[in-house]
Amino acid sequence: MSRTKEQRKWLKSMFSESESFNSDQMDGKPQPPLSIFVVNPENVIALPEFGDDIFVKTHILDIINDRVSHRKFKDESITLEELSFLLWSTQGVKSVAGDQYATMRTVPSAGARHPYETNLMINKVDGLKKGIYRYLPLIHQLEYVYTPDNMDRTMTQAARKQKFAGNCSVALVWSVVPYRGEWRYNERSHKPMLLDVGHICQNLYLACEAIGCGTCAIAAYDQKLLDELLQLDGDDEFAVYLAPVGKV
């Protein structure tokens, strides 16, 4: 029990008025990029604008009250417009502040650092082939990465045999780029980073409820297998949270 209590300290604030700290930002080092770069321009896919026709609920009280976790989905595709809405709701960029200094998004983030990237395992989305994709929030587009063999089965295994992770229309996997927060807050950034991904996922829950979809957040996963599936290096970027989505 003493070891558990010691580990609990990580949950407490590390920002003490009596303790100063230093960071790369304070040392004048250049900040990291606001988002990932396009790797292959030929694989970039524009996301369409979405209209009111995709919504089945519009009253915020109904959306909040009806929100639940869903682990069973219909064997149906979602539209590209619906996917566009889900991505904008969770990581959409509303504006860029200063000279590429920070992004203002649809979710809050400590210090406006927004250290997360959105990876997608797409099974059933109209107009898109199955595969692994990455969301490009600064331009609201997707980049196709590759289509692994037995992708849905591997995703199920990565989610510790939770079958709905592989049977969904699309699974959103948020990977963290720690240095975006560390640049400003050094090791004090790690707790706020995890709070940030909670904001992102709650927006996904509410956005899903508005368009007749469902999701269930997953924090129990095989780190190595999931990082390998998404082609993440596991050190400077790695998976933290995932949420399968489908029609309900």
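Guide: Gladly! Let's start at Gln 231, found in the loop between helix H8 (223-230) and strand E9 (238-247). Helices (H or I, at least four residues) and strands (E, at least two) are DSSP runs, numbered from the N terminus. This is a predicted model, with residues numbered from 1 along each chain as its sequence is written. Local features need pLDDT of at least 70 and side-chain atom pairs count only at 80 or more, while totals for chains, interfaces and linings use all residues, and side-chain values use heavy atoms, leaving out hydrogens and water.

Visitor: Is Gln 231 buried, partly exposed or exposed, and why?

Guide: Buried means under 20% relative accessible area, exposed over 50%, and partly exposed in between (1.4 Å probe, protein chains only). Gln 231 has a relative accessible area of 52%, so it is called exposed.

Visitor: What makes E2 and E3 a pair of strands?

Guide: Two strands pair if DSSP finds at least two bridges between them. Strand E2 (residues 93-97) and strand E3 (residues 102-105) have four bridges in the antiparallel sense, so they qualify. Val 93 stands opposite Arg 105 in E3. E2 and E3 form a hairpin with four residues between them, and Gly 98 in the turn has a positive phi of about 60 degrees.

Visitor: Which strands pair with E7?

Guide: E4 is joined to E7 by seven bridges and runs antiparallel to it, with Asn 119 standing opposite Val 173 in E7. E9 also pairs with E7 in the antiparallel sense, over seven bridges; there, Ala 171 has Pro 244 in E9 as its bridge partner.

Visitor: Why is strand E7 called mostly covered?

Guide: Seven of the seven residues in E7 (residues 170-176) are buried. Val 170, Leu 172, Trp 174 and Val 176 point one way, whereas Ala 171, Val 173 and Ser 175 point the other way.

Visitor: How do you know whether Leu 142 is buried?

Guide: Leu 142, in strand E6 (residues 141-146), has 0% relative accessibility and therefore counts as buried.

Visitor: Why do Arg 134 and Glu 237 count as a salt bridge?

Guide: A salt bridge is a side-chain nitrogen of Lys or Arg within 4 Å of a carboxyl oxygen of Asp or Glu. The closest N and O atoms of Arg 134 and Glu 237 are 2.1 Å apart, so the pair passes. The pair links distant parts of the chain, with Arg 134 in strand E5 (residues 131-136) and Glu 237 in the loop between H8 and E9, 103 residues apart. Both residues are buried.

Visitor: How many salt bridges are there in the whole structure?

Guide: The search finds ten. Among them, Arg 188 and Glu 187 have their closest N and O atoms 3.5 Å apart. Arg 188 is buried at 6%, while Glu 187 is partly exposed at 44%. Lys 57, Asp 66 and Glu 209 are linked in a network of salt bridges.

Visitor: What makes up the nonpolar patch on the surface?

Guide: Trp 10, Leu 11, Met 14, Phe 15 and Leu 194, with about 470 Å² of accessible area together (Shrake-Rupley method, 1.4 Å probe). Patch residues have over 30% relative accessible area and no salt bridge; nonpolar side chains (Val, Leu, Ile, Met, Phe, Trp, Tyr) are joined within 5 Å and like charges within 9 Å. Phe 15 has 41%, so it clears the accessibility cut-off and is partly exposed. Phe 15 is in the loop between helix H1 (2-8) and strand E1 (44-46).
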